[in-house]
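Please look at the sequence and the 3D structure shown below, and keep both in view while reading. The paragraphs that follow go from one part of the fold to the next.

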Amino acid sequence: RRAMFSHHIIASSKRQAISQWCQELRLGGLAKIGWPGLIIVEGDEENVRAYVDALSRLRWKHFVVRGEEIVEGQLGQSLDDVRVLPLGCEEFNTDGMSDFAARYRQCGLEELFLAALKPRGADRREAPAAEAEKRKGRKR
């Protein structure tokens, strides 16, 4: 599974690629369109990597993988047995962040969803004032 963040997803060509490549690679996924743009997909690891690589080659203002989760099935389980998302890509519109979040919670992917929203290395416990002080200290 991968959680990806983009500054925005608006272009119809990107929206089409997100959905089409999900289907072609037999991935399950959810995409939040608008600002910010969020995508979470699951499927065969090789196909997930190919999907991320293909999306990364598109022209983005900002696009990054912020979360990753490897799920190992038990002996005898197929990939479809461990899926939590249906095949294909379910799209949520620009005003659908709460529906998007509810869907991920329903699928048990809240941690991956939160990872998509949080920049790597960010510490939520740090107060904004403390961060401003750090920036001031760097300007010497």
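This is a predicted model: local features need pLDDT of at least 70, side-chain atom pairs count only at pLDDT 80 or more; totals for chains, interfaces and linings use all residues.

Which residue with a positive phi follows α4? It is G108, whose phi is near 75°. Residues are numbered from 1 along each chain as its sequence is written, and side-chain values use heavy atoms, with hydrogens and water left out. Helices (H or I, at least four residues) and strands (E, at least two) are DSSP runs, numbered from the N terminus.

Five of the five residues of β1 are buried, where buried means under 20% relative accessible area, exposed means over 50%, and partly exposed lies in between (1.4 Å probe, protein chains only). Both faces of the strand are covered, with R2, M4 and S6 buried on one side and A3 and F5 buried on the other. A3 itself counts as buried because its relative accessible area is 0%.

Strand β1 has partners as well, and two strands are said to pair if DSSP finds at least two bridges between them. With β3, β1 pairs in the antiparallel sense over five bridges, and M4 stands opposite I39 of β3. With β4, residues 63-68, β1 also pairs in the antiparallel sense over five bridges, and there the bridge partner of S6 is F63. Leaving aside neighbours within four places in sequence, A3 is in contact (heavy atoms within 4.5 Å) with residues including I39, I40, V65 and L112. The C-alpha atoms of A3 and L112 are separated by 6.2 Å, although the two residues are 109 residues apart along the chain.

The next topic is the nonpolar interior. In soluble globular proteins, nonpolar side chains tend to be buried together. A nonpolar core is a set of buried Ala, Val, Leu, Ile, Met, Phe, Trp, Tyr and Cys residues joined through side-chain atoms within 4.5 Å. The largest such core here has 16 residues, and M4, I18, I39, V41, Y51 and L55 are those with the most contacts inside it. At least two residues of this core come from each of α1 (12-24), β3 and α2 (45-56), and α2 gives the largest share, four residues. Not counting residues up to four places away in sequence, I18 touches I9, A31, I39, Y51, L55 and C89. Apart from this core lies another, of 15 residues, among them F5, I40, F92 and L109.

Helix α4, residues 97-106, shows how a helix can have a buried side, for F100, A101, R103 and Y104 are buried in it. These residues lie on the same side of α4, because they cover an arc of only 160° around the axis, the arc being that of the directions from the helix axis to the C-beta atoms. An α-helix has 3.6 residues a turn, so residues three or four places apart point the same way. The face of α4 turned away from its buried side carries the exposed residues S98 and Q106, whereas the buried residues pack against β2 (28-32), β3 (37-42), β5 (88-92) and α5 (110-117).

Rings of Phe, Tyr and Trp (its six-membered ring) pair if their centres lie within 6.5 Å, and planes under 30 degrees apart count as stacked, over 60 as edge-to-face and the rest as tilted. The structure holds five aromatic pairs, one of which is the stacked pair of W60 and F63, at 4.6 Å centre to centre with 20° between the planes. The pair of F92 and F100 is edge-to-face, because the ring centres are 5.5 Å apart and the planes stand at 80°. Ring pairs also link F92, F100, Y104 and F113 into a cluster.

Finally, two backbone details can be found in loops. Most residues other than glycine have a negative phi, and most peptide bonds are trans. A cis peptide bond with omega of about -10° joins W35 and P36, and P36 is found in the loop between β2 and β3. R26, in the loop between α1 and β2, has a positive phi near 55° although R26 is not a glycine.
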